[in-house]
Each structure stands twice: as C-alpha cells, then as structure tokens.
Amino acid sequence: MLQISNLTKNYGDKKAVDNLTLHIQPGEIYGFIGHNGAGKTTTIKACCGILQFEEGEILIDGISVKDDPIACKKKLAYIPDNPDLYEFMSGMQFLNFIADIFEVSAVDRTSRIKKYADMLELTADLGQSIASYSHGMKQKLCLVASLLHNPNIWILDEPTVGLDIMAQEELKKMMREYANH
C-alpha cells in the first residue's frame, strides 16, 4: 500500500529525513512520534507529493509519487495540521466542491457526507459559512471531506488538534473502521 524506500530529504545542510525505509500494509494504522523538527511532517508531505525529495522512492499502491503524483493523490487523502479552506463557502459547498474534484457520485457523496458529518456532529452546521467555524469545526469538515472519495490511504498530520474529546473519540472509531474497509 505505502512503501517508503531510502527516503532522504534535506533543507540546505540540514538532513530532515535520513534514509527512511518503511512499508505500511492495508489495514495498518501507523503513527509518527517525535520532537518538533524530527521529520514527521516532511515525510508525510513527501508521501503526498507535496515536497520533492533528494533520494529514495515512495510508492502508493505500486505507483511512484515522483513519476505519477496525480495518480497517487487520487488514491490518498491528506489532512494537514493546519488546513486552509475556502472560507467564503458554506461547509456543504466545500464538501460538494471536493466531491466534484474526485468525481464522487451524487448517491455516494450524500451517504458519506451524512455518515461522517453525523459522526462528528457537524451536520447542523454545514449550511453555515466556513468563516464562522471554530478551528475544531474546520478540522471536522476536513475529516469529512477527506473520506468522500473513499481513498486507499488516509494520511493525517496532528488530526486531533482543535477537536473536542467527543470528536477525538469519533475520530478513533473512524480510523478503526477505515482501516478495516
């Protein structure tokens, strides 16, 4: 599913990631733990095709992130630690926008939005402008949006930041459910 082989990423003379090899199989939940500057976010962004890297290879379902980043991005969902959203849209407009990008059918988008927005107690707020959302509500919106296209890999960078305790518990359930789908 996700194969990182000999990944090296430098920022000038600083080696942020040094020869990392890691293979994650379908259904596995994997987490990076380390101090600030340890290379966690750098590795995640390289896996998502956001950052170029000097050495190594990253494969998503056997497809090279370097050679075909668009095909890889279609297979994954990424939520950064501080997501940027189109705040002029309502929550529902944003979810439909994301569903359109990934060509999610009307039936699938409706059922997935209902399922995940209900789980995170966001459904009642989807008609409001994203600009009016708290940080936690924005994080919930990103979680719902990330699952609309049913990605093979779900990559979350500090996903609990801003989430209340109940939403954190729902996220854990979502992660377990998603790992088993």
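**Pockets and cores in a predicted model**

Guide: In this predicted model, the largest pocket holds about 770 Å³ of space.

Visitor: What makes a residue part of the lining of the largest pocket, and which residues lie closest to its centre?

Guide: A lining residue has an atom within 4 Å of a pocket point. There are 30 such residues, and Ile29, Tyr30, Trp154, Ile155 and Leu156 are the closest to the centre. Helix H1 (40-47) gives the most to this lining, with five residues.

Visitor: How do the residues of this lining divide into nonpolar, polar and charged?

Guide: The division is 19 nonpolar, seven polar and four charged.

Visitor: Why is glutamate 170 called buried?

Guide: Buried means under 20% relative accessible area; glutamate 170 has 17% relative accessibility and therefore counts as buried. Glutamate 170 is found in helix H6 (residues 165-179). Leaving aside neighbours within four places in sequence, glutamate 170 is in contact with Met119 and Leu120.

Visitor: What makes a set of residues a nonpolar core, and which members of the largest one touch the most others?

Guide: The members must be buried residues of the nonpolar kinds listed for a core, joined through side-chain atoms within 4.5 Å. In the largest core, of 32 residues, Phe94, Leu95, Leu126, Leu141, Leu143 and Trp154 touch the most other members. Helix H5 (135-146) gives the most to this core, with six residues. Apart from this core lies another, of 19 residues, including Leu7 and Ile58.

Visitor: Which residues does leucine 126 touch, not counting those up to four places away in sequence?

Guide: Among them are Leu95, Ile113, Tyr133 and Leu141.

Terms used
Residues numbered from 1 in each chain as written. Predicted model: local features only at pLDDT ≥ 70, side-chain atom pairs only at ≥ 80, totals over all residues. Heavy atoms only, no water. Helix = DSSP H or I, 4+ residues; strand = E, 2+ residues; numbered from the N terminus. Buried < 20%, exposed > 50% of the residue type's maximum accessible area, 1.4 Å probe, protein only. Contact = heavy atoms within 4.5 Å. 1 Å grid on protein atoms, 1.4 Å probe; cavity = no way out; pocket = protein on both sides within 12 Å on 5 of 7 lines; lining within 4 Å. Points joined across faces, edges and corners; volume = space filled by probe spheres on them. Nonpolar A, V, L, I, M, F, W, Y, C, P; charged D, E, K, R; others polar.
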